[in-house]
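Let's take a walk through this structure together, starting with a charged pair and ending with the open spaces. Have a look at the picture first.

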Amino acid sequence: MEQKITFDPLKLKVVGIDEVRPNTWNPKDKDTDEYKKVIESINKHGQRLPVVVREKDGFEIIDGEQRWRACKEVGFDKVIVYNEGVLDDKTAQELTLWYQVQVPFNEISLAKMVVELTEKYKDAFTPYTSEKIAEMKA
């Protein structure tokens, strides 16, 4: 079986945040509770994952619009991008969809991890409310 590894560290760049703009097809809702958690994470840990972009009149986001918006909202003037280069609309939109394929957590394993973390480290920073953690504990 041929392995296809396409990650190229040379495509990682730090660019001015205003050089990057959202695409017109992102199907994610804006201003959600999940987005607020992204802002919290950026505030606490900084930008840890790059925004995936293509070259089109500057940089257009393929994946990571919420990370980009959160960085912008908290006052970053630069952002880490992974530049896919010049891509046609079809390929860029296909990548947007594939980047969103995620495997959900096993809820029992997740609850166990969160409870253990928050019991061991009273100041643990998680995306869950104290009510949700209590529910997980139960």
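Lys137 is exposed, at 55% relative accessible area (buried means under 20%, exposed over 50% and partly exposed in between, using a 1.4 Å probe and protein chains only). Keep in mind that this is a predicted model, where local features need pLDDT of at least 70, side-chain atom pairs count only at pLDDT 80 or more, and totals for chains, interfaces and linings use all residues. Residues are numbered from 1 along each chain as its sequence is written, and side-chain values use heavy atoms, with hydrogens and water left out.

Lys137 has a partner: Glu119 forms a salt bridge with it, the closest N and O atoms being 2.9 Å apart (a salt bridge is a side-chain nitrogen of Lys or Arg within 4 Å of a carboxyl oxygen of Asp or Glu). Glu119 sits in helix α4 and Lys137 in helix α5 (residues 130-137), so the pair ties together parts that are 18 residues apart in sequence. Helices here are DSSP runs (H or I, at least four residues), as are strands (E, at least two), and they are numbered from the N terminus. Glu119 itself is partly exposed, at 38% relative accessibility.

The structure holds 14 salt bridges. Another one joins Glu65 and Lys30, with 3.7 Å between the closest N and O atoms. Glu65 belongs to helix α2 and Lys30 to the loop between β2 and α1, so this pair links parts 35 residues apart in sequence. Glu65 is buried, with a relative accessible area of 4%, while Lys30 is partly exposed at 43%.

Stay with α2 for a moment. Its buried residues include Trp68, Ala70 and Cys71, and after the helix comes Gly75, whose phi is positive, near 100°.

Now for the open spaces. The largest pocket has a volume of about 1,300 Å³. On a 1 Å grid over the protein atoms alone, a pocket is an open set of points where a 1.4 Å probe fits, with protein on both sides within 12 Å along at least five of seven lines; lining residues have an atom within 4 Å of a point. A volume is the space filled by probe spheres set on the points, which are joined across faces, edges and corners. This pocket is lined by 36 residues, with Glu34, Lys37, Val38, Ser41 and Pro127 nearest its centre. The largest share of the lining, 7 residues, comes from α1.

The second largest pocket has a volume of about 160 Å³, and its lining includes Lys4, Phe7 and Tyr99.
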